[in-house]
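Subject: Structure handover

Hi,

Here is the structure I promised to pass on. My notes on what turned up follow below it.

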Amino acid sequence: MTSKSTNDKPPFWVTGIKTDPDGTHRYICRYWCSCGRVGRHYVAIGTEEIHCHVCGLYIDVEPAVDTDGPPIRNEHGYFYVAKG
Ligand SMILES: [Zn+2]
């Protein structure tokens, strides 16, 4: 047995952070929409709202952990949460 399967995952699966071609970091955000959709977005620091992939509703984004510094992951691995 090896841990090869771990190496096959894209880095952002592990880190929760995507980097855009222009160098912007986007952090994983869990959202719960009032339409019943539960999903995830990757958001840049300072993003105030995201939209539901299903119904298009805009939902306010909040830090998963209160901090004055860089985003911190909560116990579920999310940097931000949004509840519609
Ligand atoms: Zn929705």
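C33 is buried, because its relative accessibility is 8% and the cut-off for buried is under 20%. C35 sits at 40% relative accessibility, so C35 counts as partly exposed. C55 is partly exposed too, because its relative accessible area is 45%. Please keep in mind that this is a predicted model.

Those cysteines belong to the metal site. The zinc ion is coordinated by the SG atoms of C33, C35, C52 and C55, at 2.3 Å. Along the chain, the donors are spaced as C-x1-C-x16-C-x2-C. The site is tetrahedral, with angles of 103 to 117° among the four donor atoms. For reference, the ideal angle for four tetrahedral donors is 109.5 degrees. How many disulfides does a search of the whole structure find? It finds zero.

Now the overall layout. The protein chain has 84 residues, and buried residues make up 26% of them. Its secondary structure comes to two helices and six strands. Read along the sequence, the pattern is α-α-β-β-β-β-β-β. The C-alpha atoms fill a box of roughly 45 × 30 × 30 Å, taken along the principal axes. Take the contacts between residues at least 6 apart in sequence: 31% of them join residues at least 24 apart.

Next, strand pairing. Strand β2 covers residues 25-32, and strand β3 covers 38-44. β2 and β3 pair in the antiparallel sense, over seven bridges. Together they form a hairpin with five residues between them. G36 is in the turn, and its phi is positive, at about 105°. W32 has V38 as its bridge partner in β3.

W32 also has a bridge partner in β6, namely K83. In which sense do β2 and β6 pair? They are parallel, with four bridges between β2 and residues 80-83 of β6. β5, at residues 58-63, runs antiparallel to β6, and three bridges join them. Within that part of the fold, V61 stands opposite A82 in β6.

R37 has a relative accessible area of 35%, so it is partly exposed. Leaving out residues up to four places away in sequence, R37 touches Y31, W32, C52, H53 and V54. One of these, C52, is a zinc donor. R37 and G84 are 47 residues apart along the chain, while their C-alpha atoms are separated by 9.7 Å.

Then there is the nonpolar core. Which residues of the largest one touch the most other members? They are C29, Y31, I50, I59, V61, Y80 and A82, out of 15 residues in that core. β2, β3, β5 and β6 each supply at least two residues of this core. β2 gives the most, with four residues. As background, nonpolar side chains tend to be buried together in soluble globular proteins.

Not counting residues up to four places away in sequence, I59 touches Y31, W32, C33, E48, E49, I50, A82, K83 and G84. Among them are Y31, I50 and A82, which are also listed as core residues with the most contacts to other members.

Last stop: P71. It lies in the loop between β5 and β6. Is P71 buried or exposed? P71 is buried, because its relative accessibility is 16% and the cut-off is under 20%. Apart from residues up to four places away in sequence, P71 touches Y27, I45, F79 and Y80. Y80 is also among the core residues that touch the most other members. P71 and K18 are 53 residues apart in sequence, and 13 Å apart in space, C-alpha to C-alpha.

For the strands, β6 pairs with β2 in the parallel sense and runs antiparallel to β5.

Best wishes

Technical notes
Residues numbered from 1 in each chain as written. Predicted model: local features only at pLDDT ≥ 70, side-chain atom pairs only at ≥ 80, totals over all residues. Heavy atoms only, no water. Donors = N, O, S within 2.8 Å, 3.2 Å for Na, K, Ca; no water. Tetrahedral: all angles 85-135°; square planar, octahedral: opposite > 155°, others 65-115°. Buried < 20%, exposed > 50% of the residue type's maximum accessible area, 1.4 Å probe, protein only. Disulfide = S-S within 2.5 Å. Pairing = 2+ DSSP bridges. Contact = heavy atoms within 4.5 Å. Core = buried A, V, L, I, M, F, W, Y, C linked by side-chain atoms within 4.5 Å.
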